Amino acid sequence: MSTDIPESHKMGDKFQLIHEVSPGTAGWTVKVVVAEKFSPRVAQRSPTKYQNLILMDSEGSTVQATLYGQNITAFQDELILGKTYLISNALVKETNAEYKAKSGEMQWTISGRTRIRRVEENNSNLLISTYSFTDFEDLPKYMDSNVDISVVGIIIDIKPRRIIETRFGKECQVQDLVLINKRFDTVLLTMWEAFVDNECKYISQNLKKKPVLIGKHLKVTSFNGLSISTKADNSFFVDGEFELVEEFKCWGHTNSEIIDNIVSEKHYLTFTPSKLFSKLSVPTDEKDFTEIKSIQGLKTVKQFFWIKGRASVKVLNQTYWYMSCNNCNKISSENYGDIYPCVFCKCIDAKAIPRAKVYMQLTDPTGYINATAIGNPVEYFLQSNAEILMKQTLIPSAESMRLSMDEDEIFYVKAIAQESSPDYKFEILFIVNPSQIEGDKNKGKALVEHIGEPIRLLEPTTKRSLFHSDTDDAQSSKKKFDKSRIESTKKNQ
């Protein structure tokens, strides 16, 4: 049962602290703030549904509390994130040894027997003091690692919801937000599943107000160049009652014209490493690179490697682009520039755009692997771009595009499950020219200013040209593309 009690019961009043409550403690009452509230989940080894919360006392100590089964629905409107409560008569038990490092010494179970009384007081400053925010420019340090990060920013845009299929065959709904910080840096935040129905729904309805988001337990990924994403146990405050939020609101109001211009131009939807993130940690010591021979027989996917070597195109007769949805990058049978409903992401006004893709071979002194690359690294490697590649009519030659590297470069590679092309089990995400690295090699890390920045070439006009020599833009000539070529591209994906 939950009741409200007056604000006179301040956080420092004489109640037990979390560490003073153990399985044998009788008649205890603890005043806590709901610091985190996770989405309900189903246990791995049973059909039982559960929901975890993190409760914090006046000294900043925390305890994990859990709701099971029907109690999740019963307390759905209680224990609100960021609010303060007096709690007593919860079941207290010692945490299993294997979970103590993550969950603490004790765990509480909240049920119908638990007494919960809401306290009308604001302890947001205590709560926010426990957060350690990661600056946007430091995100590359944590890319594809197991490190949890927290961020704060203004939500300036939200992309359409889309449906994706995971490598396990499960369909999931995801939605991308665009956050901006006080230096006008932007980053993409991908929200998964329940966050789409809850937080994203509120954000969509209030986007014009430029809501401020505080997120915890996020991960940094190499998706779309670099982005952040939700995990199973995330906690969000959207327009929470914090002084920090008010600071961001004030800053956003002062700079609304600049922000509106950024949203209008939407440059953040195209990843440009040197513009968006000027710092990426790259190995400089030879021993920190992965030897290709050590991953040739790799069967585990979603692993990431830095490799120093050279790339080359061995299969010349391949399609170097495919028509894609501008929202999800999935293949499309539409003509360039057409607006259409995408069957993959369910976006009703998707736009068909070309995207560069190549099958290549990556070699170092120990061996070679076959790999794919899509988008930015392809344009850098071939020294071309998707629109030009789309007009390709002849089998390429060394005179028409770069088909191999004369010197070693640095590759950020991901192991993938490639059912359509089982011989290509790796994807190249970044290509870094060592000459672009700045820093002290003794530190073992370096700063990269340009990561696979595409080189934009003018269309050749000689008879030996690989490309069409007419000067019509791609939009006016889109109807000329043969459907059989698109279907051929589809088979290659």
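1. The protein contains 11 helices and 26 strands; these are DSSP runs numbered from the N terminus, with helices (H or I) of at least four residues and strands (E) of at least two. The model is predicted: local features need pLDDT of at least 70, side-chain atom pairs count only at pLDDT 80 or more, and totals for chains, interfaces and linings use all residues. Residues are numbered from 1 along each chain as its sequence is written, and side-chain values use heavy atoms, with hydrogens and water left out.

2. Of the 493 residues in the protein, 49% are buried, where buried means under 20% relative accessible area, exposed over 50% and partly exposed in between (1.4 Å probe, protein chains only). The accessible surface comes to about 25200 Å², and carbon and sulfur atoms account for 48% of this surface; areas come from the Shrake-Rupley method with a 1.4 Å probe, and for residues only the protein chains shown count as cover.

3. Contacts (heavy atoms within 4.5 Å) deserve a separate remark. Among those between residues at least 6 apart in sequence, 64% join residues at least 24 apart.

4. Helix H6 covers residues 243-254, and its 12 residues should span 16 Å at 1.5 Å a residue; the end C-alpha atoms are 17 Å apart, which agrees. The expected span is 1.5 Å times one less than the number of residues.

5. Which residues of H6 are buried? They are Val 245, Phe 248, Trp 251 and Gly 252. Seen down the axis of H6, these buried residues fall within an arc of 125 degrees, so they line one face of the helix; the arc is that of the directions from the helix axis to the C-beta atoms. This face packs against strands E10 (149-158), E12 (171-180) and E14 (212-221) and helix H7 (256-265). On the other side of H6, Glu 243, Glu 246, Cys 250, His 253 and Thr 254 are exposed.

6. Val 413 lies in strand E23 (residues 409-415) and is buried, with a relative accessible area of 0%. Leaving aside neighbours within four places in sequence, Val 413 is in contact with Gln 303, Phe 304, Phe 305, Ile 307, Leu 362, Phe 426, Glu 427 and Ile 428. The C-alpha atoms of Val 413 and Ala 373 are separated by 9.4 Å, the two residues being 40 residues apart along the chain.
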